[in-house]
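Biologist: I have not looked at this one before. Can you take me through the side-chain contacts?

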Amino acid sequence: MTRFTQTDAAYMRLALDEAHTAFSEGEIPVGCVIAPSGIKDVSSGQLPPPLARTHNLCEKTKDFTAHAEMLALKSVNRHALRGTTVYVTLEPCPMCAGALALSGVSRVIYGASDAQYGCCGSVYRLTEDPAFPSFSPADGGLMKEDCEAILEKGFDRMRK
């Protein structure tokens with residue numbers, strides 16, 4: 001049995017669309033979607049709309065906190081975050097993982113791991129730390145190659 005569902009893949013595709021938009025805008029290409037948890041089957045093509053879908057806007061806003069996850073969390077009523085899954089193309093950093101841990105989201109699913117700053121499995125598991133009021137299990141690797149490819153394209157552009 002796979003640990004990711006068709007629904008997970010469908011929402012991650014939306015997050016990847018956001019990452020591509022970020023790339024086209026000159027941002028670090030990271031996308032994020034917040035969606036209701038527990039959707040069983042999307043084979044009928046009836047994917048419920050996400051509660052939020054965003055991408056990095058740090059360059060445009062000149063705000064180092066304008067990460068995709070932070071923007072997505074800010075766009076949803078905090079009481080509506082319980083029972084949701086966050087899909088993000090890059091493993092959340094300490095700032096974003098801390099916000100996710102405090103938000104009460106039910107799950108965090110990411111594509112590419114971040115060996116340097118990732119706080120949902122690579123360096124630390126902040127969203128699963130018992131010191132926080134909610135437990136938000138995180139799992140990575142969904143559409144990993146696609147997520148890594150757009151990130152690499154973005155970093156290649158930055159190096160030039």
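Modeller: We can go through aromatic rings, then charges. This is a predicted model, in which local features need pLDDT of at least 70 and side-chain atom pairs count only at pLDDT 80 or more, while totals for chains, interfaces and linings use all residues. Residues are numbered from 1 along each chain as its sequence is written, and side-chain values use heavy atoms, with hydrogens and water left out.

Biologist: How many aromatic pairs does a search of the whole structure find?

Modeller: One. Rings of Phe, Tyr and Trp (its six-membered ring) pair if their centres lie within 6.5 Å; planes under 30 degrees apart count as stacked, over 60 as edge-to-face and the rest as tilted.

Biologist: Why are Tyr 11 and Tyr 87 called stacked?

Modeller: Their planes are at 25 degrees, so the pair is stacked, and the ring centres are 5.5 Å apart.

Biologist: Where in the chain are the two?

Modeller: Tyr 11 is in helix H1 (residues 6-24) and Tyr 87 in strand S3 (residues 84-90), so to speak distant parts of the chain, 76 residues apart. Helices (H or I, at least four residues) and strands (E, at least two) are DSSP runs, numbered from the N terminus.

Biologist: Is Tyr 11 buried or exposed?

Modeller: Tyr 11 is buried, at a relative accessible area of 0%, and Tyr 87 is buried at 1%. Buried means under 20% relative accessible area, exposed over 50%, partly exposed in between (1.4 Å probe, protein chains only).

Biologist: On to charges. What sits over the ring of Phe 23?

Modeller: The charged end of Arg 157, 3.9 Å from the ring centre. The cut-offs are NZ of Lys or CZ of Arg within 6 Å of the ring centre and within 35 degrees of the ring normal.

Biologist: And how many salt bridges does the structure hold?

Modeller: Seven. A salt bridge is a side-chain nitrogen of Lys or Arg within 4 Å of a carboxyl oxygen of Asp or Glu. One of them joins Arg 53 and Asp 17, at 4.0 Å from N to O.

Biologist: Which parts does that pair tie together?

Modeller: Strand S2 (residues 52-55), which holds Arg 53, and helix H1, which holds Asp 17; the two residues are 36 apart in sequence. Arg 53 is partly exposed at 37%, as is Asp 17 at 42%.

Biologist: What about Asp 156 and Arg 159?

Modeller: They meet in a salt bridge at 2.6 Å, N to O. Both are in helix H5 (residues 144-159), three residues apart, which is about one helical turn. Asp 156 is partly exposed at 31%, whereas Arg 159 is exposed at 57%.
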